[in-house]
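User: I am new to this structure. Can you show me how to read its features?

Analyst: Let us look at it together.

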Amino acid sequence: RFRRVMEQHKPQVVQFFAPSLVHLDGNNTIADQQQQQHQTKTNIDICHHEFQTKVLCQVGSVKDARAALAAGADGIIVQGIEAGGHGLRNDVGNGTLSLASRVVSIVKEDDTKKDTVPVLAAGGIVDGRGLMAALALGCDGVCLGTRLWASKEALGDDTSKQVLASPDTEPDSCIRTT
């Protein structure tokens with residue numbers, strides 16, 4: 001399915017999420033742990049070599065960020081547990097800003113990546129103050145999800161969007177459901 005989408009749409013940039021890095025065997029199916037130690041391609045390899053597409057990897061842990069960087073991700077989106085509509089593993093439990101700070105440090109310590117791999121923060125960023133916090137930590141920008149869903153241009157129930165964007169809606173009144 002992945003290849004079909006790439007062939008049909010020919011995107012310049014793709015974003016992978018949960019997991020952002022997938023090893024594929026010779027039949028283009030997800031490789032198991034044992035197969036990964038042998039000759040497998042990653043989704044990032046396929047995007048780069050077969051489609052000349054840039055890859056953003058959305059990660060929720062330092063381990064996943066390191067793996068995505070090692071596999072050649074062109075950019076990292078660091079998502080903390082504050083993310084709204086869908087979230088990464090709660091068992092990892094990293095907050096957006098603390099995780100983003102660490103991933104920025106990892107990227108900046110690597111001379112081959114520090115000027116070429118942007119780090120974006122995602123999760124709980126709802127206004128300019130959140131953007132400024134991410135920039136102060138060294139992020140190159142932010143990704144907004146739920147906040148943009150509340151815009152008039154997005155599809156969705158208008159009443160729900162109004163409640164979400166209301167100044168009376170406090171962070172404590174927002175919960176994630178499964």
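Analyst: Start with the overall count. This is a predicted model, and its secondary structure comes to eight helices and seven strands.

User: What share of the 178 residues counts as buried?

Analyst: Buried means under 20% relative accessible area. Here 32% of the 178 residues count as buried. The accessible surface comes to about 11100 Å², and carbon and sulfur atoms hold 52% of that.

User: How do I read a helix, say α5?

Analyst: Begin with the general idea. An α-helix has 3.6 residues a turn, so residues three or four places apart point the same way. Now the case. Helix α5 covers residues 96-109, 14 residues in total. From first C-alpha to last it reaches 20 Å, close to the 20 Å expected at 1.5 Å a residue.

User: Which residues of α5 are buried?

Analyst: They are Thr96, Leu99, Ala100, Val103, Val104, Ile106 and Val107. Seen down the axis of α5, these buried residues fall within an arc of 160°, so they line one face of the helix. On the other side of α5, Ser98 and Glu109 are exposed.

User: What do the buried residues of α5 pack against?

Analyst: They pack against strands β4 (54-59), β5 (75-79) and β6 (119-122), and against helix α4 (62-70).

User: Which residues make a nonpolar surface patch?

Analyst: Leu131, Met132 and Leu135 make one of about 250 Å². Leu131 sits in helix α6, residues 128-136. Its relative accessibility is 31%, so Leu131 counts as partly exposed.

Terms used. Residues numbered from 1 in each chain as written. Predicted model: local features only at pLDDT ≥ 70, side-chain atom pairs only at ≥ 80, totals over all residues. Heavy atoms only, no water. Patch = residues over 30% accessible without salt bridge, like charges linked within 9 Å, V, L, I, M, F, W, Y side chains within 5 Å. Areas by Shrake-Rupley, 256 points an atom, 1.4 Å probe, with all protein chains shown as cover. Salt bridge = Lys/Arg side-chain N within 4 Å of Asp/Glu carboxyl O. Helix = DSSP H or I, 4+ residues; strand = E, 2+ residues; numbered from the N terminus. Buried < 20%, exposed > 50% of the residue type's maximum accessible area, 1.4 Å probe, protein only. Expected span 1.5 Å × (residues − 1). Arc of directions from axis to C-beta. Contact = heavy atoms within 4.5 Å.
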